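Begin with the overall makeup and then follow the strands and helices.

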Amino acid sequence: MRVPRALLLAALGATVACAAERQSREPATVLFLTDFGVKDGAVAVCKGVMLGIEPRLRIVDVTHEVPPYDIETAAEVLEQTLVFYPPGTVTVAVVDPGVGSERKSIAILTKKGHLLVGPDNGIFTLVLESEGLDRAVELRDKRFFRPGEKSFTFHGRDVFSPVGAHLAQRTPIDSLGPPVVPIRLNLQLARRAAGAVEGSVRYIEDPYGNVVTNIPAALLDSADLHVGDSLDVRIGARALRLPWRATFSDVPNGKPLVVMHSRGLLSFSINQGDFATKYAVKRGDSVSLRPIPE
């Protein structure tokens, strides 16, 4: 017996609708980043608070090894990671040297649909630069905080974790508090100047010691610099002559080179070595490069 086409389409539509409704009821994934380390129970405590609100949560540990109080490194890691997660994903980020002070607690919705929860200290600057700001609110409604007395020193447990779990349950961001304009870090962009490309060291890639700059591929193209060139490079006070190659093994083991990082930023490396340690490079060092005439 043949089933009429209309009935088949109706059944398929009902199945799709049920799947969509089930998915809308499932909690969003929570990304969790802190500078807490894992030598004590702080991370587990925060996860316990989140799971107490929503036992079905899937919590992804981004890292808990951000250097203590290092907001800029946390911002880098978040911007590097979040792009690979779907809209609706909630990020709870707690690197909070100003905990208990007058700094605000905030939640953000980006234009790409990611939700961010944490201190208003610039930690979300790079994500906002890449994704744009839809809206942000100050966390004021205590219904979404952990019940009981709020600690002055552990907002990760008492504010950010519970709010993140509620957002993962699809609580509307506008219900958390009034609108706010998030604080942003003062970022210095790379530029062309006097025949050179100038920038700075954005971060050191552990554990390899690769030195990642803030110089994007498009800026290098505009300066007519390309893979295969040899470059005069100045990092801080140190001057080097380095080949720009496609990958590490294009130079012998132990030799330095310039290479494009997977994030589309110029970086300095040693094939199977540690560039940052060998040349005493640190984040924030100035970088200047120009081609070596043939």
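Two strands count as paired if DSSP finds at least two bridges between them. Helices (H or I, at least four residues) and strands (E, at least two) are DSSP runs, numbered from the N terminus. This is a predicted model, in which local features need pLDDT of at least 70 and side-chain atom pairs count only at pLDDT 80 or more, while totals for chains, interfaces and linings use all residues. Residues are numbered from 1 along each chain as its sequence is written, and side-chain values use heavy atoms, with hydrogens and water left out.

The protein has seven helices and 14 strands. Its C-alpha trace spans about 75 × 65 × 35 Å along the principal axes. Of the 294 residues, 48% are buried, where buried means under 20% relative accessible area, exposed over 50%, and partly exposed in between (1.4 Å probe, protein chains only). Contact means heavy atoms within 4.5 Å. Among contacts between residues at least 6 apart in sequence, 66% join residues at least 24 apart.

Six strands form an open sheet with mixed pairing, in the order β2-β1-β3-β5-β4-β6. Its edge strands, β2 (59-63) and β6 (133-138), each pair on one side only. On average, neighbouring strands of this sheet are turned by 20° against each other, direction ignored; axes are lines fitted to C-alpha atoms, for helices over the stretch in contact, and angles run from 0 to 180 degrees between N-to-C directions. Strand β4 (residues 105-110) runs antiparallel to β6, and five bridges join the two. Here Ile-106 stands opposite Glu-138 of β6.

Helix α2 (residues 42-53) lies across β1 (30-34) and β2, and runs at about 155° to β1. Helix α5 (residues 155-168) packs on the sheet and touches β1, β3 (90-94), β4 and β5 (115-119); its direction makes about 175° with that of β3.

Strand β9 (residues 210-216) pairs with β13 in the antiparallel sense over three bridges, and Val-211 has Phe-268 as its bridge partner. Strand β12 (residues 256-260) is also antiparallel to β13, with five bridges; there Leu-257 is partnered by Ser-269. A hairpin is formed by β12 and β13, with four residues between them, and Gly-264 in the turn has a positive phi of about 80°.
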